[in-house]
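Q: I have a structure open and would like to talk through a few of its features. Could you help me read it?

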Amino acid sequence: MSNEETRYKSLIRNVLHYFNIEREIESHDSIHEEIQKGIVFKGTNLWILFFAIIIASVGLNMNSTAVIIGAMLISPLMGPINGIGYAMATYNFGLFRKAVKNFTFAVGISLVASTAYFALSPISTAHSELLSRTSPTIYDVVIALFGGLAGIVAISSKQKGNVIPGVAIATALMPPLCTAGYGIATANAYFFLGALFLFTINAVFMALSSMVISQVLNFPIRTIVDSRQRKRVNSMISALIIIVLLPSIYFGYGLVQNEKFGAKADKFVESVNTYEGNYLLKSKVDTKQRKINLIYGGKDLSDYQKENIRKLAIGYGIDGTRLNIEQGLKFSEFGDKETELFTLRKEISILQSLLGEKEADLAEQNQKNYIGESLLNEIRSLYPQIESCAYSETLVFKQSSSEPQTLGIVVFKLNKQLLTQPEREKIEKWIRARIKHENLKVIFE
């Protein structure tokens, strides 16, 4: 074996050593007890679940991401899901039935609580946080899969850290349940089915991750099971994965196509922002319906011009799009005032530019007003006898010059302990280097 091959093998062994978690794994009995404890929903766990559901519902209702994250942090829903995966890996059918029973009970309580909240809430508008929980895709599968892997590894490890709360946020089990409750409360099947499917994806693939890690870590099988039962369980798991995965792939493909269409449509809209004396006043791109609305202001658009705009869409790969072009404002409606309108626009633009310059000058002046505070904070630790500092700028006029000079003035007020002349000279030299002002006067009072 050559030296190079030996070096490569040594490098691979060192890398694998960093990924080895065998020494950090809890005892199998401890893991089993912890998973059993997380499955049960009664007492404390049930109350925490109820509170988390209400918090998440309020967050969705008010469109507050921070509140939703807070609800996910305290949610105990991951317990029975990990229990289901662990039970499948160890063929513990008793534990599996118990985990499924508690999981179903928790989902039912969550739906009842969220439905009751949204039924009583005076705000029934579907905000973006609610809408985002109704369109599951293959990306949700990936998130749930790797989130579940992180969760079961953390449960099995002695060094749990803050992984469990992170997994709870990433996999987002609570918001889809609350959105499903919103669908029930508002009798909206789209919200209910979409959110419930997203929750199912998260739960199934988190359980699958738990099962895979349980098998990789060789958790012991605590019950007697024959080969036919194992085969039946594996077949059921495979069928469930396919049932959940195929629609997710379909929705994921649709999401990618919508993103591509949106990018092309934006470039097209930008290219027709102005067209032969017309200005685009408003545009709207509907990626799902493959529809673009354009509203122009300016001279009257002819049918020939509208057709030319539609032909331009071909070059951007969106020729099959329903393109609706409307005239929102015609300059001809103003008659002789068309020239006056353009003049007013030009004057407004000049005024906006001047206003911007004035705001910049004010910001610069405000910054100069606090130079004295900065100087005092920096010098006080070296010379505690300095009690206060003031800085200002003024204009100095001379007979010999027609142009005034800017003079910077720094005033230090001292307490009873005076400064020596060398100290004053040293401070003045530092001030000049610090402020970098050509014309500066330092006064000690």
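This is a predicted model: local features need pLDDT of at least 70, side-chain atom pairs count only at pLDDT 80 or more; totals for chains, interfaces and linings use all residues.

Q: Okay, which residues make the nonpolar surface patch?
A: The patch, about 840 Å² in area, is made by W47, F50, F51, I55, V58, M62, V67, I69, L73 and I74. The elements that give two or more residues to it are α3 (44-61) and α4 (65-74).

Q: And which element gives the largest share?
A: That is α3, which contributes five residues to the nonpolar patch.

Q: What about I74, where is it and why is it called partly exposed?
A: I74 sits in helix α4. It is called partly exposed because its relative accessible area is 37%, and that label covers values between the 20% limit for buried and the 50% limit for exposed.

Q: Switching topic, what is the order of strands in the open sheet?
A: The three strands of this open sheet run in the order β5-β6-β7, with mixed pairing. Its edge strands, each pairing on one side only, are β5 (386-396) and β7 (440-444).

Q: How do β5 and β6 pair?
A: They pair in the antiparallel sense over ten bridges, where β6 covers residues 405-414. Within β6, L414 is the residue that stands opposite I386.

Q: Which strands does helix α16 lie across?
A: Helix α16 (residues 421-435) lies across β5, β6 and β7, and runs at about 140 degrees to β7. Helix α15 (residues 371-379), in turn, lies across β5 and β6, at about 145 degrees to β5.

Conventions:
Residues are numbered from 1 along each chain as its sequence is written. Side-chain values use heavy atoms; hydrogens and water are left out. Patches are made of residues with over 30% relative accessible area and no salt bridge: like charges are joined within 9 Å, nonpolar side chains (Val, Leu, Ile, Met, Phe, Trp, Tyr) within 5 Å. Accessible areas come from the Shrake-Rupley method with a 1.4 Å probe; for residues, only the protein chains shown count as cover. A salt bridge is a side-chain nitrogen of Lys or Arg within 4 Å of a carboxyl oxygen of Asp or Glu. Helices (H or I, at least four residues) and strands (E, at least two) are DSSP runs, numbered from the N terminus. Buried means under 20% relative accessible area, exposed over 50%, partly exposed in between (1.4 Å probe, protein chains only). Two strands pair if DSSP finds at least two bridges between them. Contact means heavy atoms within 4.5 Å. Axes are lines fitted to C-alpha atoms, for helices over the stretch in contact, and angles run from 0 to 180 degrees between N-to-C directions.
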